[in-house]
Amino acid sequence: MLDSERLQAARRRAARRRMVRRRRRAVAVAILLLLTLLGGRALLAGDDTPEPAAQQVQGAPDAGDSPGGGAGGAGAGTDEGAAAEDIPIKHIVFIVKENRTFDNYFARYPGANGAEFGMTSTGERVPLAVATDVLEPDLGHSFLDGVESINGGKMDRFDQVSNGETLNGYSSFTRKGIPNYWRYADNFVLGDNMFTSMYGPTFPEHLYTVAAQAGRVVGNKDQTSTEGGYCDDPNETVFRFQNLSNKERATVMRAEERNDADEIVQYWEHVRACFNFKVLPDELDKKDISWHYYADDGSWMNAMLAIKHMRFSKHWGTDITEEEQLPSDIAAERLAKVNWVVPGPGVNEHPGGPSVCLGENYTVSIVNQIMRSKYWKNTAIFLVWDDFGGFYDHVAPPHYDEMGLGPRTPLLIISPWAKQGYIDSTEYEFSSVLKFIETVYGLNCMTARDCGAHSMLNAFDFDQPAPPADRKLILGERGCTGLPAETAQQYERHGDNAFAALGD
């Protein structure tokens with residue numbers, strides 16, 4: 001049989017198996033939803049129960065780990081040789097984009113832990129194609145898609161997610177496709193062992209970026225046809241894990257290892273999409289450290305919309321504002337000490353229509369502005385993508401707890417104090433950025449995740465001789481021409497807010 005015929009046959013077999021599995025999942029979730037609507041475990045009034053206090057997470061680094069890079073790198077606190085008062089970082093900018101794996105962006109980057117091929121569920125060894133600027137349609141990247149793709153560490157079922165049979169997820173960019181991101185990697189730090197905090201998708205991942213937990217939430221809101229919501233809408237609901245006992249957690253984790261969706265969903269419950277657990281800005285407030293959260297009001301990606309004591313506080317509209325305000329705040333020298341930036345849907349690089357080129361241009365514009373400002377000399381910029389987006393990645397993530405970790409995401413650390421042209425293979429997840437913030441400002445950790453996370457100091461050299469001003473890398477924005485007609489029309493009509501419906 002010819003290779004093309006064999007591949008087509010394999011795709012047909014995979015499609016049949018995927019259809020059966022989706023039906024089983026749909027039935028299981030439908031039954032669970034029916035039970036919750038009948039009153040079994042529904043908690044539609046919301047939940048103010050905090051995550052348990054810090055305890056060691058299975059697989060997470062111990063606080064006593066020795067300094068250094070790699071998977072056995074530094075653990076909690078300032079264990080990497082720099083006391084908080086010796087760290088010259090005074091401003092932190094945490095930019096969170098959408099839905100890409102490390103292999104999708106940097107598999108071909110020289111010296112990084114990349115791949116040339118990916119494995120499918122049929123045992124096919126598929127060469128990673130050159131990624132396209134615009135990818136349509138979107139790929140499945142739900143919690144169960146993440147469990148399925150990882151397949152107990154085999155990393156061979158990315159063809160089983162929604163639209164995975166196209167094998168579009170088995171792709172990676174070249175330098176030509178994302179030249180400025182590669183230039184940041186050339187000159188600053190590229191992390192090739194940064195994992196997403198959970199299996200996916202967007203909403204709970206963004207909760208991790210502010211809280212080092214997701215309140216056990218496993219998915220996006222059920223009301224996908226409506227914008228806004230969370231604490232603003234009492235009818236919006238999500239699935240999350242029940243408050244598991246140690247025995248139940250072990251059962252769920254075994255089910256995740258063997259890719260048993262039917263078993264996993266038995267431990268989910270249905271709740272209102274509004275919570276009240278602690279977020280890092282609470283700790284910053286205690287020490288009177290300024291912070292700002294930039295995200296579109298009503299956006300699916302706006303995690304603060306789902307934190308009751310933030311949504312209905314003095315911070316709303318002052319410290320939590322539209323992301324379009326960031327450039328003017330930098331220009332007016334109003335940049336806070338700690339900043340979260342959630343770019344708009346047209347520039348967050350989400351598959352399903354948006355242009356990666358335009359998204360990269362947005363990043364370059366923000367980084368250029370910071371480099372030209374008075375803030376550059378003491379700023380650290382962390383750039384990540386929030387979940388795997390259905391794209392292939394070959395590195396099996398650690399299994400910390402029932403939430404994940406999920407597949408790797410790209411990580412770029414841009415700072416005059418970042419090591420130059422350094423590939424950091426220390427094991428990180430989104431809570432590691434929070435650990436860095438806590439380390440710089442002497443804050444208490446909040447959950448098992450950030451208490452046990454590596455502090456990211458391995459990516460910095462605070463004794464380097466070059467003056468900070470000499471580390472500027474002002475890049476030109478690209479001309480993003482040749483976009484598909486529908487994509488170009490979306491940008492013409494809506495600008496950076498194009499593709500607002502892509503919030504998953």
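Predicted model: local features only at pLDDT ≥ 70, side-chain atom pairs only at ≥ 80, totals over all residues.
## Strand β7

Strand β7 spans residues 237-241. It is mostly covered, with five of its five residues buried. Both faces are covered. On one side sit Thr-237, Phe-239 and Phe-241. Val-238 and Arg-240 lie on the other, and they too are buried.

β7 pairs with strand β8, residues 268-272. The two run antiparallel and are joined by five bridges. Within β8, His-270 is the bridge partner of Phe-239. Phe-239 is also among the buried residues of β7.

## Helix α6

Helix α6 covers residues 246-257, 12 residues in total. From first C-alpha to last it reaches 17 Å. That is close to the 16 Å expected at 1.5 Å a residue. After α6 comes Asn-259, with a positive phi near 60 degrees.

Which residues of α6 are buried? They are Thr-251, Val-252, Met-253, Ala-255 and Glu-256. Their cover includes strand β7, along with α3 (143-150) and α7 (261-265).

## Helices α4 and α11

Two packed helices are described by the angle between their axes and the distance between the axes. For α4 (residues 179-187) and α11 (residues 356-372), the axes come within 9 Å and cross at roughly 45 degrees. The pair is therefore oblique.

From α4, the contact uses Pro-179, Asn-180, Tyr-181 and Tyr-184. From α11, it uses Gly-359, Glu-360, Thr-363, Val-364 and Val-367. By class, the contact of α4 with α11 has five nonpolar residues, three polar and one charged.

Key
Residues numbered from 1 in each chain as written. Heavy atoms only, no water. Buried < 20%, exposed > 50% of the residue type's maximum accessible area, 1.4 Å probe, protein only. Helix = DSSP H or I, 4+ residues; strand = E, 2+ residues; numbered from the N terminus. Pairing = 2+ DSSP bridges. Axes fitted to C-alpha atoms, helices over the stretch in contact; angles between N-to-C directions. Parallel < 35°, antiparallel > 145°, perpendicular 65-115°, else oblique. Contact = heavy atoms within 4.5 Å. Nonpolar A, V, L, I, M, F, W, Y, C, P; charged D, E, K, R; others polar. Expected span 1.5 Å × (residues − 1).
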